[in-house]
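Thanks, everyone. Please look at the model first.

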Amino acid sequence: MTMINAFDPSAGANLSAADRTLIERRERVLGPAYRLFYAHPAHFVRGEGVWLYDDQGNPYLDVYNNVASVGHCRPEVVEAIARQASVLNTHTRYLHDGIVDFAEDFLKEFPSGLRHLMLTCTGSEANDLALRIARHYTGGTGVIVTKLAYHGVTGDLAELSPSLGSGNKIAPHVRLVDAPDQYRGTGDVAASFAASVAQAIADMKQHNIKPAALLVDTIFSSDGVFADPAGFLKPAVDEIRRAGGIFIADEVQPGFGRTGVEMWGFQRHDILPDIVTVGKPMGNGHPVAGIIVSPTVVDSFGKTSRYFNTFGGNPVSCAAAHAVLKVIKGQKLQENALTTGQYLADGLKRLATKYPLIGDVRGSGLFIGVELISDSRTKQPATAETTRLVNGLRERRVLISATGPHANVLKIRPPLVFSQENAAMFLSILDETLATI
Ligand code: PMP
């Protein structure tokens, strides 16, 4: 696995004295496990819409940050947080209208089989809770994830998040399967993904491990962004259910209308998950997340274990999440993801005809992967060129990063308010930067 877009302090970047000092202070107090983005780290002091501003007042176009789903510092969300914070913020063991009002509206966005919402503070807590429920419901422990999956920071999730790095141990009850890669794979993606899941189940059985769940990010963001052909997840979901396990759709990245066609990534695949998990785009960065679960799956867990997450779903978090939902629906941001995403993908495909470095453009709505290769015959990953491109864009004040096992896939995942004008600007600066690679 290749290190993705990380600052290397020994490379002697072109830093201001003030940033050099801040980096030294940061390392002193935060220790060695953090990574900054870019050869030349960026230092932001303010955000607005699709723009982040550095300490000199320069605007940067944000083509990367999905967490600010409805735009940085979106006034409706800021006001909702401030208003509720000035009235009451407490935990969920008192009655409060806010959590119920929000849950009722939010659950309307899901198929009718998913009827309960349990709130957490982070996407990691959501996935962790989903796993606990899956294990309780199935009596199994085994989990199947993709080879470069990322599902969160808790111990249980790190054990099934191979993208965390070579020092991160994958647990014996976890099986890794190849991501459904239509560009590099051969044959039918749906059939080969399902066959890998079936093989993982067979291997678990051989080792006396009972399967609990297949857990996937429905757009496979850390594996390299795989969206098509829509429907490819269905046979794999059938496999895990046949083996007594459940299907958990991690919607932390693709959810909230980003894929354009539907509100949730799993809907492109015509499947009904047993549990859906959502993360911080839900609160535009305010820490609120959760799981949406079928009553059957959570029934016994709920009757025999108490769930209390002190500030998961507190009144301020619910006010933030409700404001985000209203902006997404009221401003038709799912529709924007579809039309702006299509415009962007068309522009990227035009650039692919000009630059052989671009091997593939894929994705859905405002979630696009652009795979860079140095040889169109062998599809040799252009890892070094991707690093230069990401850093070249940063120097031109456009924020983006890379993904995939060879860090050679541009991850295009801007706030949902990204406009056609923003997309045109990005395409033009990308064209200019590609010409220098
Ligand atoms: N799942 C996926 C697919 C994610 O991308 C992330 C966070 N980037 C998480 C889970 C964990 O969410 P959080 O950082 O809120 O704990």
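Start with Arg-93: its charged end is placed over the ring of Phe-308, 3.7 Å from the centre. By "over a ring" I mean NZ of Lys or CZ of Arg within 6 Å of the ring centre and within 35 degrees of the ring normal. Lys-379 also lies over a ring face, that of Tyr-183, at 4.3 Å from the ring centre.

Some ground rules. This is a predicted model, with local features needing pLDDT of at least 70 and side-chain atom pairs pLDDT 80 or more, while totals for chains, interfaces and linings use all residues. Residues count from 1 along each chain as its sequence is written, and side-chain values use heavy atoms, without hydrogens and water.

Now ring against ring. There are eleven aromatic pairs in the structure. Rings of Phe, Tyr and Trp (its six-membered ring) pair if their centres lie within 6.5 Å; planes under 30 degrees apart are stacked, over 60 edge-to-face, the rest tilted.

One of the pairs is Phe-37 with Tyr-64, edge-to-face at 5.5 Å centre to centre and 75° between the planes. Tyr-64 is buried, at 11% relative accessible area, and Phe-37 is partly exposed, at 35%. The cut-offs are under 20% for buried, over 50% for exposed, and partly exposed in between (1.4 Å probe, protein chains only).

The rings of Phe-106 and Phe-110 have centres 5.2 Å apart and planes at 75°, so that pair is edge-to-face. Phe-106 is buried at 0%, and Phe-110 is buried at 7%.
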